[in-house]
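Have the sequence and the model open while reading.

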Amino acid sequence: MGLQLYDLAGAEPERRFSPYCWRIKMALKHKGLPFDTIPWRFADKDVIAFSGQGRVPVLVDGDQVVFDSWTIATYLEDNYADRPSLFGGDGGRAATRFVNAWADGVLVGGIVRLILTDIFANIDEKDRPYFRKTREERFGMSLEKVTAERETNVLAFRKNLEPICAVLGAQPYLGGKEPAYVDYAVFGCFQFARCISRFPLLLEDDPVWAWRDRLLSAFDGFARKALSYAV
Ligand SMILES: N[C@@H](CCC(=O)N[C@@H](CS)C(=O)NCC(=O)O)C(=O)O
């Protein structure tokens, strides 16, 4: 049996929007490993209870169960070392770890503040009460209030992308000439937004847009074929 990935789904089972799951799907493609995804909803905690925690991605590889996207990425790199590298050595792994942590804290956090109400609108009905309660507790205000000023806030968000723009103006991928996990760690965040929200985060003349477009085309357009909005 191939690898299995529990993958966060929205109202439609094909709407897969977790930034962390997207990283891993791109990493599995990069490694050339066949896998199946299992749609999972926030309410399905019991379905992944075997992993000992309540978040996705969860990867099942034979009798191995691995959770947390960074842990899964390092698992794939170490256990499938004969396949294309995700990190390009120890230095690459260490630097990627920083970018991964930055993407988790700054990028996902920034994106969520812009699209929180769209996430709510696109998730499964059975997930909505849990999502509203946990996110309103986290933000200390209503979902609607979080996104109320988004037309203005997106300008600051785009400005914060300038370091990525500068790198992508000089090289096609964050990993250099070819994409690597450092690209997938960041790409997952933009693909998350694209799969769950029509809100335009990026401008078409932005180097980040062009980079994202190259990654959407990677692996025979794997990410482009996903149910998403053309923003
Ligand atoms: N650090 C974890 C974060 C995983 C995570 O937060 N996943 C979200 C989906 S995007 C989740 O499963 N949330 C469950 C919940 O909020 O109850 C990783 O990198 O995998």
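## Terms and model

A polar contact is a pair of N or O atoms within 3.5 Å; within protein, one must be able to donate a hydrogen and the other to accept it, and residues adjacent in sequence count only if both atoms are side-chain atoms.

The model is predicted, so local features need pLDDT of at least 70 and side-chain atom pairs count only at pLDDT 80 or more, while totals for chains, interfaces and linings use all residues. Residues are numbered from 1 along each chain as its sequence is written, and side-chain values use heavy atoms, with hydrogens and water left out.

## Around the ligand

An oxygen atom of the ligand is 2.6 Å from a side-chain N or O atom of Ser69. For Tyr130, the distance from a side-chain N or O atom to a ligand oxygen is 2.4 Å. Asp68 places a polar side-chain atom 2.9 Å from a ligand nitrogen. The protein buries 86% of the 510 Å² that the ligand exposes when taken alone (Shrake-Rupley method, 1.4 Å probe).

## Residue Gln53

Gln53 is in the loop between strand E2 (35–40) and strand E3 (58–61); strands are DSSP runs of E, at least two residues, numbered from the N terminus. The Gln53 side chain makes a polar contact of 3.0 Å with the side chain of Ser51. A polar atom of the Gln53 side chain also lies 2.8 Å from the backbone oxygen of Arg55.

Technical notes:
Helix = DSSP H or I, 4+ residues; strand = E, 2+ residues; numbered from the N terminus.
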